[in-house]
Amino acid sequence: MTSERYNSREAEPRWQKFWSEKRCFEAKEDTSRPKYYVLEMFPYPSGRIHMGHVRNYTMGDVIARFKRACGFNVLHPMGWDAFGMPAENAAIERGVHPKSWTYENIAAMRGQLKSMGLSLDWSREIATCDPAYYRHEQAMFIDFMQAGLVERKVSLVNWDPVDQTVLANEQVIDGRGWRSGAMVEKRELAQWFLKITDFSEELLEALDRLEKWPEKVRLMQRNWIGRSEGMRFSFVLEDEKGNELPDKLWAYTTRHDTIFGASFCAISADHELAKKYSAGDAGLAEFRREVSALGTSEETIERAEKKGYALGIYARHPFQPKLKLPVYAANFVLMGYGEGAIFGCPAHDQRDLDFARKYGLPVIPVVAPKGVDPASLTISTEAYLEKDGAESQMINSEFLNGLSVPEAKEEVARRFEASGMGKRKVNFRLRDWGVSRQRYWGCPVPVIHCPTCKIVPVPKSDLPVTLPEDVTFDKPGNPLVHHPTWKHVKCPKCGANATRETDTFDTFIDSSWYYARFCSPNADVPVEAGAARYWMPVDQYIGGVEHAILHLLYSRFFARAMGKTHHLDWDEPFASLFTQGMVVHETFKTGSGEWVFPVDATLRDGKWFHAKTGEELTIGGIEKMSKSKRNVVDPESIIESFGADTARWFMLSDSPPERDIEWTEAGAEGAWKFTQRLWRILGDASSRDTAPFTGEFGPAASELRRIAHRTLAAVTDDLSSLRFNRAIARIYELSNALSTALAIANPSADLAFTIREAGNFLVLMFAPMMPHLAEECWALMGHKQPVVETPWPTPISALTVDDEVTIAVQVNGKRRDEIRLQKGTAKDQVEAAVMKLDGVKRALDGKPVVKFIVVPDRIVNIVVSG
RNA sequence: GCGGGCGUGGCGUAAUGGUAGCCGCAACGGACUUAAAAUCCGUUGGAAGAAAUUCCGUGCCGGUUCGAGUCCGGCCGCCCGCACCA
C-alpha cells in the first residue's frame, strides 16, 4: 500500500537515464525480426518546443513503444529542419549569427524533447544545416542535373524595391513589404527548377496505391496535380481595322464545347503580347504595374476584383470568322497555367461572367439542360454550370446544336485538329518546383557560372560547398552576394575567373529526403543501399495536415528522382500517413485590445482577470496556439509542474488525434489526477497475493477478468489503428473496475490473482502513453524486468467474447424493448421470443406485421402497417 | 476566389448504416474531516408524468433505406491549404 504521491519530477529523469544508459532505443538492422519505421515530421529549431510538437511526438512515441512491445525492430529517429528564414531574421533583428542561433535552439529543444521521455534513437540525430548532411544534397542535385531533372528558367518573384530583396508570400502584407512597407513589385529572375512535372502522371496514378493515406490528402494532391484534358489552339489576331496581325494567340481550354459562347479573350498581364503592347500604350503599362503589385500568391490574385485592359486588338472566332472577340489583359489569368491566355465564355464560367458584366460584353448561353426551352434560360449574375454534361445539350452553337457536352467537345476537337488550328492536350496544374532562394541560411546551390563555359556543376570532389561563416546582415540583400571572397572561384573546366551561384536551396529540399538519410545517417553516400532496403519505407509517418500537399508531394517526387539517379530504390517513402490536428487554446484580450498569455489570466467567479493588473479580460475565440495571439502554453512549465506523462496523457485523451485539441487547465489537471489515481490503485494491487490461481473463478473475479481481457483486446486494436482517445477511455474503464475490486475486503485467492493480472495489464497498456509512471508501477509490483523489455500481453480469446447478446427490438424503426439471447439464435426463435415482449406488444397494439427484419445478434425491426 | 475538412448534452467526445451520448471534465448531492484540500460513492440531454412509460433530440432543408449522427443533394457556420513560412 502506497500513501505517498507519485513524484514525477524525481522519477522521470531517473527512467530517462535508465533507458539512455541501456541504449534501449538504438536501432540496429536485424533481418531476423520484422522492422517498423515510425517517423514524425522533424521540427524547425525555433527555440522552444510548443504544444504541437508535444502532440506530434507523443503520438509517434506511443506507436514506437507499442510496436516495440509487439516484437518489432523499431526505428524512431529525430532530427532538425535547421535551415530557413527565422534564423536570418534573428540575425537581422538581434545580431546573432544564424548558425549559433540555430545550434543553440537545437540544444535547448533537444533537452526539452528528452524531458518528454521519447523513445528516440538519438544516435541517428541529423541537422540539415550540417555540411555532413547537405553535401549529399549538393551531390544529388548534380546527379539530377545530369539526369535532366534540373532546369534554369525565368520566373516571377516578389521584389521589395527598398530592401532590395525577394520576399516570401507571407512577407507581403496588403501588397507591401513587411519590413520596408514599400509597394511590392513582381520581378523576373533566372532560377533553378526541379522538373517535378516530368512525374505528374506518375505522382497522380500512384496515389491510388497509397491505401494507408487519408483519403482527403490523396484528394488534395490529386486536385493539386490537376490533370485536365483539353485543347490548345490558336486565334488569328487582327487590329481595329480588320488587318491581320503577325502574332497568333494560343489559348488552352477544357471547355471547347462552349466555343460559340465566347465573347472575349483574356491574357495574363505577364503574357508576351501584353509586354509587347505595353511599350506603346501607357495605360496598359500602368495596368501591368497595378497587377504586378498584387504579388505572386495565387490566393491574392484570385481574390482580387476581376479587372481587365482592352488591348485594342481582336481575335477571330475560329468558326465564325466575322465575329471579333476583343482581347484584354486581365488580372485573373495566371501565366503559369496553360498558355496564360483564355477565351471567356461568360454564360458558363463565373469569373468570365463577372468580367463580362463589368465590361459590358455579350453573354450567350450555349449549354442548357435537356428538355428545357433554351429561350427560358437566362443568365443574370450566376453562370450556368451543368452538373452532368451528358444530361445537357448545346444551343446557339451552329453545328453543335443538340449535341451533349461530351459530343460537342469531341466534334470541336475533331474540327480543330482537321484544320490544324489546335490539338487535344493533357494539361497539369502542377508547376515545376522553383528551388532557388536568394538567401544566406540554406544549402548553397553547387554550381559555378563561367563567362565562357556558362553553367558548370561543382566537381563532386570539391563538395561540400560550405556556407562562409564570416557574413554580415547590415546590408539589404543576400550576404553571399556581398561576401568579399566566397563567390569568386576559378572555373573547374577552363580555369578562368568565375563566380559561384549565390542562391541557396528551398528548405523543402532538405526535408524531401531526410527520412531516407535516417537509415544510414553517417554514410558517405546520401543513402546506404542495404540500410535503406531494410528500413524503408517509413511505416508510419505523422505530422500536421498543413503539409498535406507541398512537403509530401515534394518528398514523393524526390524519392523518384533519387531512384532515377540510383540513390534510393523506393518510390513511395511513406507507406502509411497520419495527419494530426492542431493544439488550440482560448484567447484573452484586455480592454485596449492587447493579447494576454493564459498564465497571466486568472478565473474568479466565472470571470477572467489579468493576474497582474486585475483588469477584467474578454475571451476571444479558441484558436491555434500562436505567439501573435499569445494563447500559448509552454510545454516546459507543464512538464515541470505535472510531469511529462501527464502532458502526454492529456494530448492523447478526449480528442481524436486527427482533430484539433483544446488545451485547458482543467484537462491537464484531470490528467494529473489520473496519474496519481493509477499510482494509488497499482500500489494497492501490488500488495495483493501473487500466488497463481488455477481453480474455478468466482463471480467477482470472473467479471474483472472478463473486463481486463476485453480491455486488453480493445486497447490493442485501438493502438494499432491510432485511436488513442478510445484506448484511453477503455483504460479508464479498467481502472474503475480494478478500483471497485480493490474495495472488496478480504478477497479470495481467485480475486487476488485477478487483481494482479488486471493490474499488470493496466500498466502495460498505459506504458506507451505514460512510460515513466509505467516503469515505476511495474517495479512497484515486483517485476525485475523493465516495461521497455516486456512484451505486449495477449488476451485469452475465450474471455473476450460473450455467449449471450443484447438485441434491441424496434417497431417501425423505433426502439421499444430489448432482449438477451444466446449468440447465434435462429431467426424464427428470435421472432418468437421477441413477440412475447411487453414493449413489443404495447407498440404493436394488434396491428398486422408487414415485415420482420432480423440482423443476427444485433437488432430486430418489426414493420407494421397503420 | 479555388481546393479540402469539420459541425452530437453545459464542455471535450463515443457510436462495422442497426439501442445516440461509452469515457472524461464541469455541476449537484452524499461519505470521510474540527475545517478545507485530497479521496471515495451517487445523480446529471430536454419536455411531460407519482411511476411504468411516452414524446422530442446529432447545424438547417430535402432524399435513399425496414432503419440515417453515419450514405446522397442543397444551404449555413467554423477551420486548413493555395506553390518563397516551416
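Which residues do ring pairs link into a cluster with W433? The cluster consists of F144, F199, W433, F508, Y554, F557 and F558. Two rings of Phe, Tyr or Trp (its six-membered ring) pair if their centres lie within 6.5 Å, and planes under 30 degrees apart count as stacked, over 60 as edge-to-face and the rest as tilted.

The model is predicted, so that local features need pLDDT of at least 70 and side-chain atom pairs count only at pLDDT 80 or more, while totals for chains, interfaces and linings use all residues. Residues are numbered from 1 along each chain as its sequence is written, chains are lettered from A and ligands numbered from 1 in the order in which they are written, and side-chain values use heavy atoms, with hydrogens and water left out.

The count of aromatic pairs comes to 47. One of them joins F650 and W663 edge-to-face, at 4.5 Å centre to centre and with 65° between the planes. F650 belongs to helix 19 (residues 644–652) and W663 to the loop between strand 33 (661–662) and helix 20 (665–686), so the pair ties together parts that are 13 residues apart in sequence. Helices (H or I, at least four residues) and strands (E, at least two) are DSSP runs, numbered from the N terminus. F650 is buried, with a relative accessible area of 4%, and W663 is buried at 2%; buried means under 20% relative accessible area with a 1.4 Å probe and protein chains only.

Two cavities of 30 Å³ or more are counted. A cavity is a set of points, on a 1 Å grid over the protein atoms alone, where a 1.4 Å probe fits but cannot get out, and lining residues have an atom within 4 Å of a point. Grid points are joined across faces, edges and corners, and a volume is the space filled by probe spheres set on the points.

The largest cavity holds about 160 Å³. It is lined by 16 residues, of which R65, A69, A767, V787 and V788 are the closest to its centre. Helix 2 (51–69) and helix 24 (771–780) each supply at least two lining residues, and helix 2 gives the most, with four. R65 also lies over the face of W19, at 4.4 Å from the ring centre; for this, CZ of Arg must be within 6 Å of the ring centre and within 35 degrees of the ring normal.

The second largest cavity holds about 30 Å³. Its lining is made up of E137, M140, F141, F144, L194, F505, I509 and F558, and F144 and F558 are also among the residues of the ring cluster. Helix 5 (residues 131–146) gives the most to this lining, with four residues.

Terms used: 1 Å grid on protein atoms, 1.4 Å probe; cavity = no way out; pocket = protein on both sides within 12 Å on 5 of 7 lines; lining within 4 Å. Buried < 20%, exposed > 50% of the residue type's maximum accessible area, 1.4 Å probe, protein only.
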